[in-house]
Amino acid sequence: MKNRIHFLAAALSLAAMSGAWAAGEAAKQPAAAAATAMTAGEVRKIDTAGAKVTIKHERIANLDMDAMTMVFRATKPEQLKNLKAGDKVRFRAESDKGALIVTHIEAAK
């Protein structure tokens, strides 16, 4: 009888641990999706010499930033070459030591 109780306790412990692991993995997915999510915006100004772009954007989830217009530094200045003021874009922004950067930008489809 004691063996059955120990076996049942072990089985329940394993089930609880696997459930906690699955919950932890599920919790990571929205954070990963937010980190790679693209944000919609409209180009207001481009400073190709300074590798900067001013974008009026929607809320940026991964930065917990409300919709506004602001300047971003482009990590790949060549992505700015084909853009002009008024273009609708989708972009990925991040914070790098307090500076806001655009790591990817493309024309909206």
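Helices (H or I, at least four residues) and strands (E, at least two) are taken as DSSP runs, numbered from the N terminus. The structure is a predicted model, in which local features need pLDDT of at least 70 and side-chain atom pairs count only at pLDDT 80 or more, while totals for chains, interfaces and linings use all residues. Residues are numbered from 1 along each chain as its sequence is written, and side-chain values use heavy atoms, with hydrogens and water left out.

The protein contains one helix and five strands, arranged α-β-β-β-β-β from the N terminus. Of its 109 residues, 24% are buried (under 20% relative accessible area, 1.4 Å probe, protein chains only).

The largest nonpolar core comprises 17 residues. Such a core is a set of buried Ala, Val, Leu, Ile, Met, Phe, Trp, Tyr and Cys residues joined through side-chain atoms within 4.5 Å. The residues with the most contacts inside this core are V53, I55, I60, F72, F91, V102 and I105. At least two core residues come from each of β2 (52-57), β3 (68-74), β4 (88-96) and β5 (99-107). With contact defined as heavy atoms within 4.5 Å, and residues up to four places away in sequence not counted, I60 touches T39, M65, F72, F91 and A93.

D87 is located in the loop between β3 and β4. This residue is buried, its relative accessible area being 15%. The D87 side chain reaches the backbone nitrogen of K84 at 2.9 Å. Apart from neighbours within four places in sequence, D87 is in contact with G41, E42, V43 and N82.

Key:
Buried means under 20% relative accessible area, exposed over 50%, partly exposed in between (1.4 Å probe, protein chains only). A polar contact is a pair of N or O atoms within 3.5 Å; within protein, one must be able to donate a hydrogen and the other to accept it, and residues adjacent in sequence count only if both atoms are side-chain atoms.
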